[in-house]
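Please read it beside the sequence and the structure shown here.

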Protein chains: 2
Amino acid sequence: MRMTSKIEAFVMHCGEMGSRWGFNRTIGQMVGLLVINESPLTANDISETLNISRGNVSMGIKELQSWRLIKTHHIPGDRKDYYAPDGSIWDLATRVFEERRKREMDPTLSLLRTVMLEEPANQQEQFAQEKMFEIHELLETVTVWANELQTMKPDNLKTLMKLGAGVGKVLDMKDKILNNKVAK
Amino acid sequence: MRMTSKIEAFVMHCGEMGSRWGFNRTIGQMVGLLVINESPLTANDISETLNISRGNVSMGIKELQSWRLIKTHHIPGDRKDYYAPDGSIWDLATRVFEERRKREMDPTLSLLRTVMLEEPANQQEQFAQEKMFEIHELLETVTVWANELQTMKPDNLKTLMKLGAGVGKVLDMKDKILNNKVAK
DNA sequence: TAGAGTGTTCAGTAATTTCTGAAACCTTAA
DNA sequence: TTAAGGTTTCAGAAATTACTGAACACTCTA
């Protein structure tokens with residue numbers, strides 16, 4: 001399956017960005033390829049198009065499934081597995097955020113909780129534990145926010161954004177509402 | 001400089017998470033160490049405490065400076081450079097977000113803009129470019145939101161969160177305000 | 001029950017990233 | 001001008017991560 005130059009540029013870019021997005025080059029390319037292709041692809045299509053071994057594709061698919069980014073599709077009378085992105089671009093991005101949050105923040109939250117339980121043994125530890133408390137608070141706040149944003153539908157998000165200056169504006173709104181209540 | 005076991009646990013954890021946060025093990029440890037230490041440290045302190053070479057520390061510092069996470073401090077009559085976190089935990093987190101956004105999204109936005117300018121040559125490219133448009137839109141939306149959140153002070157953020165169910169609630173508020181306007 | 005078509009695993013190899021340590025470099029003080 | 005005390009650089013070594021390909025496994029169908 002030959003890629004046109006525009007498509008190739010996109011897929012290769014996904015490869016280069018792969019590791020920054022949390023996976024590796026090959027897996028980045030695989031996501032890119034599956035996303036810009038209108039129809040599902042077989043493992044062999046992927047292997048040939050990207051010039052990577054069949055085994056590597058198999059491992060990549062497993063990884064992408066663990067990120068919940070692709071789904072398997074079957075064609076009657078055909079024993080091959082066909083793969084396609086599992087949902088819209090927004091859905092995929094949401095899953096990546098979620099998965100990264102799990103991998104980047106949850107383990108730290110857990111460690112901090114454990115360490116903070118113990119009594120500080122000296123001044124140095126006292127300070128350290130205060131810092132850990134701050135970090136814990138930050139991570140929890142971000143987690144809650146991320147959850148909220150994730151559960152919003154793209155349409156809602158866009159609506160909210162068009163409101164004007166974005167979140168800043170929201171604080172003004174809060175004041176208006178509170179004032180209304182007081183006025184009543 | 002000996003670390004107590006709690007502090008060591010924290011610093012080593014930062015090392016393990018380092019690569020997930022966008023740097024590498026050593027640099028993760030360095031951030032951890034600098035953050036939980038009340039007073040600034042010299043490159044030698046870091047080298048000895050973490051058991052890594054002096055050269056490695058020097059490279060790590062350069063990297064942390066490029067992330068704008070640490071600042072240099074001087075003591076009169078002492079030629080050594082002392083390093084400390086540049087700002088509060090929130091400040092640091094904000095910088096990491098910002099820097100990651102630059103590295104993870106900006107290059108893709110730029111590529112997409114370039115590719116989307118060209119006319120699709122066939123049906124396959126037509127579809128591909130539509131997808132690219134969706135991705136572009138998503139990234140721009142996220143960028144704007146991230147900017148908004150970043151410019152908010154922690155206090156504001158916390159206030160907003162205490163409002164109730166978070167962002168979901170905000171949409172209700174929007175409706176209330178709009179209704180008010182209509183009522184008038 | 002054999003064998004064709006497909007998917008998975010994993011030991012070994014290749015590629016990439018990180019780290020070391022010695023040399024070069026800078027600045028200040030004598 | 002030299003030397004001391006400090007930092008930076010970078011070639012090569014070490015560690016880590018990713019990839020290949022052959023062997024194995026599974027499932028039909030004849």
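A polar contact is a pair of N or O atoms within 3.5 Å; within protein, one of them must be able to donate a hydrogen and the other to accept it, and residues adjacent in sequence count only if both atoms are side-chain atoms. In this predicted model, local features need pLDDT of at least 70 and side-chain atom pairs count only at pLDDT 80 or more, whereas totals for chains, interfaces and linings use all residues. Residues are numbered from 1 along each chain as its sequence is written, chains are lettered from A and ligands numbered from 1 in the order in which they are written, and side-chain values use heavy atoms, with hydrogens and water left out.

**DNA strand C**

- DNA strand C is surrounded by 18 residues, the closest being R54(A), R79(A), D81(A), T26(B) and S53(B), where a residue is near a strand if one of its heavy atoms lies within 4 Å of it.
- Sugar or phosphate accounts for 64% of the atoms of DNA strand C within 4 Å of the protein, and bases supply the rest.
- Phosphate oxygens of DNA strand C lie 2.8 Å from a polar side-chain atom of R54(A) and 3.1 Å from a side-chain N or O atom of K80(A).
- Helix α4 (54-66) of chain A and α4 (54-66) of chain B each supply at least two residues of the surface near DNA strand C, and α4(A) gives the largest share, five residues; helices (H or I, at least four residues) and strands (E, at least two) are DSSP runs, numbered from the N terminus.
- The surface near DNA strand C comprises three nonpolar, eight polar and seven charged residues, with Ala, Val, Leu, Ile, Met, Phe, Trp, Tyr, Cys and Pro counted as nonpolar, Asp, Glu, Lys and Arg as charged, and the others, Gly among them, as polar.

**DNA strand D**

- Around DNA strand D there are 17 residues, of which T26(A), S53(A), R79(A), R54(B) and R79(B) are the closest, and 66% of the atoms of DNA strand D that come within 4 Å of the protein belong to sugar and phosphate.
- Phosphate oxygens of DNA strand D are 2.8 Å from a polar backbone atom of S53(A), 3.3 Å from a side-chain N or O atom of N56(A) and 3.4 Å from a side-chain N or O atom of R25(B).
- For DNA strand D, α4(B) gives the most to the nearby surface, with five residues, and by class that surface has three nonpolar, seven polar and seven charged residues.

**R100(B)**

- R100(B) belongs to helix α5 (residues 89-104) of chain B, and counts as buried because its relative accessibility is 12%, buried being under 20% relative accessible area (1.4 Å probe, protein chains only).
- The side chain of R100(B) makes a polar contact of 3.1 Å with the side chain of E104(A).
- Leaving aside residues up to four places away in sequence, R100(B) touches residues including R100(A), W21(B) and W67(B), contact meaning heavy atoms within 4.5 Å.

**The sheet of chain B**

- Three strands of chain B form an open sheet with the order β1-β3-β2 and antiparallel pairing, two strands being paired if DSSP finds at least two bridges between them.
- Because β1 (41-42) and β2 (70-73) of chain B each have a single partner strand, one side of each is left without a neighbour in the sheet.
- Two bridges join β1(B) to β3 (residues 82-85) of chain B, and T42(B) stands opposite Y82(B) in β3(B).

Conventions. Buried means under 20% relative accessible area, exposed over 50%, partly exposed in between (1.4 Å probe, protein chains only).
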